Amino acid sequence: YSYFVDAKNNEFKAPWNVLYNVARVFTPDDKAIQTPNSDTPYSFLGADLRAEPLVLSVPDVAKDRYYSLQFIDLYTYNFAYVGSRATGNAAGNFLLAGPGWKGEKPAGIKEIIRSETDFAFVLYRTQLKGPDD
């Protein structure tokens, strides 16, 4: 709620279905996540899947750079991952669908990712290789 609904909250990131990028590393002053990584800038997406699925596109990422998208449902279950360890570093389009979606996989979609809940949280991490990176 504080991340995607309450725009007056200090923790607000962006409205639903809008990707929010943090172009810095987290420090102990960042308290919304108990132990954030200090070497991976984050991006946040609150996905509202009630009306339709979302297409999430990832670029080609250098083979020596780690990145991940962690998909979390309203039960706090990590139900999918996209990234270096799960799907590789090649570019791709992924369809994130809620429990009521009944469509077929569209052309150009690498994988359909299904959430058990109509709202999901996608946490992006990108490896930072040093202060100049």
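Among contacts in the chain (heavy atoms within 4.5 Å) between residues at least 6 apart in sequence, 56% join residues at least 24 apart. The structure is a predicted model, in which local features need pLDDT of at least 70, side-chain atom pairs count only at pLDDT 80 or more, and totals for chains, interfaces and linings use all residues. Residues are numbered from 1 along each chain as its sequence is written, and side-chain values use heavy atoms, with hydrogens and water left out.

The chain contains eight strands and zero helices. Both are DSSP runs numbered from the N terminus: helices are H or I runs of at least four residues, strands are E runs of at least two. The sequence therefore reads β-β-β-β-β-β-β-β. The radius of gyration is 15 Å, close to the 14 Å given by the globule rule for 133 residues, so the chain is as compact as a globular protein of that length. This radius is taken over C-alpha atoms, and the rule is 2.2 Å times the number of residues to the power 0.38. Along the principal axes, the C-alpha atoms fill a box of roughly 45 × 40 × 20 Å.

Of the 133 residues in the chain, 39% are buried. Buried means under 20% relative accessible area, exposed means over 50%, and partly exposed lies in between, with a 1.4 Å probe and protein chains only. The accessible surface of the chain is about 8100 Å². Carbon and sulfur atoms account for 51% of that surface. Accessible areas come from the Shrake-Rupley method with a 1.4 Å probe; for residues, only the protein chains shown count as cover.

Charge was examined next. The chain carries 14 positive and 16 negative side chains. Lys and Arg count as positive, Asp and Glu as negative, while His and the chain ends are not counted. The centres of the two sets lie 2 Å apart, each charge being placed at NZ of Lys, CZ of Arg, CG of Asp or CD of Glu.

Side chains of opposite charge can pair when their charged atoms come close. A search of the whole structure finds four salt bridges. The criterion is a side-chain nitrogen of Lys or Arg within 4 Å of a carboxyl oxygen of Asp or Glu. One of them joins Asp48 and Arg50, with the closest N and O atoms 2.7 Å apart. Asp48 is buried, at 14% relative accessible area. Arg50 is exposed, at 56%.

Another salt bridge pairs Asp64 with Lys129, at 3.1 Å from N to O. This pair links distant parts of the chain, 65 residues apart. Asp64 sits in the loop between strand 3 (54-58) and strand 4 (67-73), and Lys129 in the segment after strand 8 (119-126). Asp64 is exposed, with a relative accessible area of 56%. Lys129 is partly exposed, with 43%.

Asp133 and Arg65 also meet in a salt bridge, at 2.8 Å from N to O. Here too the pair links distant parts of the chain, 68 residues apart. Asp133 belongs to the segment after strand 8, and Arg65 to the loop between strand 3 and strand 4. Asp133 is partly exposed, at 43% relative accessible area. Arg65 is likewise partly exposed, at 22% relative accessibility.

Thr117 lies in the loop between strand 7 (111-114) and strand 8. Thr117 is buried, at 7% relative accessibility. Contacts of Thr117, not counting residues up to four places away in sequence, are with Leu49, Asp73, Leu74, Tyr75, Gly98 and Pro99. Between Thr117 and Tyr75, 42 residues apart along the chain, the C-alpha separation is 8.1 Å. Lys13 lies in the segment before strand 1 (20-21). Lys13 counts as buried, at 14% relative accessibility. With the sequence exclusion of up to four places, Lys13 touches Tyr3, Phe4, Tyr20 and Phe44.

Backbone angles complete the description. Most residues other than glycine have a negative phi. Asn17 is not a glycine, yet has a positive phi of about 65°. Asn17 is placed in the segment before strand 1 and is partly exposed, at 35% relative accessible area. Thr76, also a residue other than glycine, has a positive phi near 65°. Thr76 lies in the loop between strand 4 and strand 5 (78-83). Thr76 is exposed, at 64% relative accessibility.
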